[in-house]
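Please go through the report below with the sequence and the model at hand. It takes up the nonpolar core, then a pair of helices, the annotated spans, and finally the other chain.

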Amino acid sequence: MTMITRNTLLSGLAALLLAVATPLLAHEGEMGQVPNDGSTVQGTPEEIGIHFDGAMRITQFDVTGPQGRVSLENQPGNESTEEYRVRPAGSMEPGSYEVRWRGLARDGHMMSDTFRFTVED
Amino acid sequence: MAWLSALAGVDAWTVALMLVTAGFHAGALLAAGAVLFRLAFPGLPDPERRAVSRTGAVAAWVAIVLALIQWPLQAGYLGGGNVSAAFDPALLGMVFEGAQGTRLVLAGAGLLLVQAILLDARRLPGVGYGLSLGGVLLAMLAFVQVGHTAGEPRVLLGGLLILHLLAAAFWIGSLWPLYRLAGQPAADPAAARILDRFGRIALFAVGLLVLAGAVLAVLLAGGVTPLFTTAWGQFLLAKVLLVALLLLLAALNKWRLVPAFSRGDTTAPRRLRRSIAVEGVLVAAVLGVTAILTGITSPNG
């Protein structure tokens, strides 16, 4: 390869980089949780959930607390959603709770995360 | 440290999934690399040619089996990391319907076609090469179905990843035949010629690998800062460090050991073989880090 073609290639690449030098967000990121991660709520929260900036198929959503696994109502199926919300089936004891979820993004990436909140009397 | 907390929440199921993924990557790249190596060296001595073809074919079968094992492992992961989820028809169906399913079908078809490398090139000229090269391209397309390179601008990201993978495959696929050739007595003219020619092709291939990888990394991360602050960036830096070590060894081979081999230095074959074996270990480490990088972290932070 001659120096001239190599330089042309390199400047072409540099131009390309400048043109698209913004973060590329190919798959859906977690946007927020209900209740917020690390927050404290008074009494049983009406809803527990997460939302994304794109469609996600949630495949696991477990809430555990001082009494073990919390039973949930209205648990949606595996269909694509930007908003995943569930309701606790009964009242939740005061204490700290952890939500673990997993899901499949549109681009095939399997995602997983955990968030925590505290319930006070 | 972001990378440490990314590893902290990893369960045994995820570790198994990552190991199988790394094995699949190794097998698929080794198979593709065998095809590319044979194309680059049409004049290989018969025993070497057969050894490369056999290695490629076996690696392709291993990759097919690992890709099939990945499927229930992915379903199991989605269900929380347990055996009953791994065989849950709804989860298996969800994985197969999506991008992972497309990847599985393309990889399976491509790696089956790679078996054409075993066809006798003298009786069926061109057929074996054509079919196996088609298989390599299908297998490469499989890699761009999943993850951030499947996003926009897709042609650019996918194209860069394919160039990166083709160069990596050529390198990985060359290690075993070069190790065999380096076992010949020093100054063996056929071995010396191939080793020297490899050095020249590798210079171009490695340039392509590093350039395509670097451009991809900057595009995906959106800058240089995330390379230091996110777990994804930190694992990427670990990968870069390992590749830098690989490049050092490759440079040592090209500029010191291969010329010594050609001169007939009797210690050269042993030293060259040892260096290639260390390259193999480093490649395994690179693939392991890549599995973590693409499996449990994301450039989004």
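The largest nonpolar core of this predicted model has 115 residues, and those with the most contacts inside it are B:A31 and B:A63. Such a core is a set of buried Ala, Val, Leu, Ile, Met, Phe, Trp, Tyr and Cys residues joined through C-beta atoms within 7 Å, where a residue is buried if 20 or more other C-beta atoms, placed from the backbone, lie within 10 Å of its own, exposed if 12 or fewer do, and partly exposed in between. Helix α9 of chain B, residues 189-221, gives the most to this core, with 15 residues; helices here are DSSP runs of H or I with at least four residues, strands are runs of E with at least two, and both are numbered from the N terminus. Apart from its neighbours within four places in sequence, B:A63 is in contact (C-beta atoms, placed from the backbone, within 7 Å) with B:F24, B:G27, B:A28, B:A31 and B:L111.

Residues are numbered from 1 along each chain as its sequence is written, and chains are lettered from A and ligands numbered from 1 in the order in which they are written. Because the model is predicted, local features need pLDDT of at least 70 and side-chain atom pairs count only at pLDDT 80 or more, while totals for chains, interfaces and linings use all residues.

B:L19 lies in helix α2 of chain B, residues 12-40, and is partly exposed because 14 other C-beta atoms lie within 10 Å. Although B:L19 and B:A291 are 272 residues apart in sequence, their C-alpha atoms are 7.5 Å apart in space.

The axes of α2(B) and helix α8 of chain B, residues 154-182, come within 7 Å and cross at roughly 80°, which means that the two helices are roughly perpendicular. Axes are lines fitted to C-alpha atoms, for helices over the stretch in contact, with angles running from 0 to 180 degrees between N-to-C directions; angles of 65 to 115 degrees count as roughly perpendicular. Among the residues that meet there are B:L29 and B:F37 in α2(B) and B:L165 and B:P177 in α8(B).

UniProt, in an unreviewed entry, places "transmembrane region" at spans of chain B including the two tabulated here.

Chain A comes to one helix and eight strands, and buried residues make up 25% of its 121 residues.

Key. Contact = placed C-beta atoms within 7 Å. UniProt positions renumbered as here; feature names shortened; annotations may be inferred. Parallel < 35°, antiparallel > 145°, perpendicular 65-115°, else oblique.
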